[in-house]
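Trainee: Let us go through this one by questions. Where do we start?

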Amino acid sequence: MVEIVQGDITAMKVDAIVNAANPSLLGGGGVDGAIHRAAGPRLKAECAMVGGCPTGSAKLTEGYDLPARFVIHAVGPVWRGGDAGEDELLASCYRNVLRLAQEHRIDSIAFPSISTGAYGFPIERACGIALSEIFRALDEGSRLKQIYCVCFSDADFEVYERILATFGE
Ligand code: ADP
């Protein structure tokens, strides 16, 4: 049910992929750039209409040219050393994505490792928060049947596999 995979999230054949966006929602580097390239220009046009997203929140759009029907744009915190509310903001991102998935009757979803690229959040700490929120949602009756955490690098994949094992799956 919760599966760690390595690769490019834009290729995932799921109901929704999650984007690690910035507050403007107008595109950026990393996974955000890859998603906008793969989805085509209509994604940027819809994001411009949405008008931004505060840190810790998430907004849903269509997936356009992606295999995924929807993109859920989540804005993670920039890492500022750990005492600026980063943990709670990252948890809030995952909770908001999981709430939108429930509201839009999404059965399968793929997450990138939000905030751990350009935003600098330490990978082990971010992974623990991500998996805690995912398992909490499942415990609370989420309709999600398939949840993928898509890691881009070997090192991130190993961290996710190791921490997933501590959740007893
Ligand atoms: P943030 O600004 O939230 O840190 P980044 O896009 O810089 O977002 O990085 C988030 C994670 O997404 C990083 O682990 C990065 O390696 C990964 N990533 C980059 N491109 C892709 C992709 N095409 N598919 C999956 N993950 C990706």
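Trainee: How many disulfides does the structure hold?
Mentor: This is a predicted model: local features need pLDDT of at least 70, side-chain atom pairs count only at pLDDT 80 or more, and totals for chains, interfaces and linings use all residues. Numbering runs from 1 along each chain as its sequence is written, and side-chain values use heavy atoms, with hydrogens and water left out. A disulfide is a pair of cysteine sulfur atoms within 2.5 Å. The count here is zero.

Trainee: Which cysteine has the sulfur nearest to that of cysteine 47, and how far away is it?
Mentor: Cysteine 47 is in no disulfide. The nearest cysteine sulfur belongs to cysteine 53, at 9.8 Å.

Trainee: Is cysteine 93 buried or exposed?
Mentor: Buried means under 20% relative accessible area, exposed over 50%, partly exposed in between (1.4 Å probe, protein chains only). Cysteine 93 counts as buried because its relative accessibility is 0%.

Trainee: Which backbone atoms lie by the ligand's oxygen atoms?
Mentor: A polar backbone atom of serine 115 is 2.9 Å from a ligand oxygen. At 2.8 Å from a ligand oxygen lies a backbone N or O atom of glycine 117.

Trainee: How much of the ligand's accessible area does the protein cover?
Mentor: Areas come from the Shrake-Rupley method with a 1.4 Å probe. On its own the ligand has 560 Å². The protein covers 88%.

Technical notes
A polar contact is a pair of N or O atoms within 3.5 Å; within protein, one must be able to donate a hydrogen and the other to accept it, and residues adjacent in sequence count only if both atoms are side-chain atoms.
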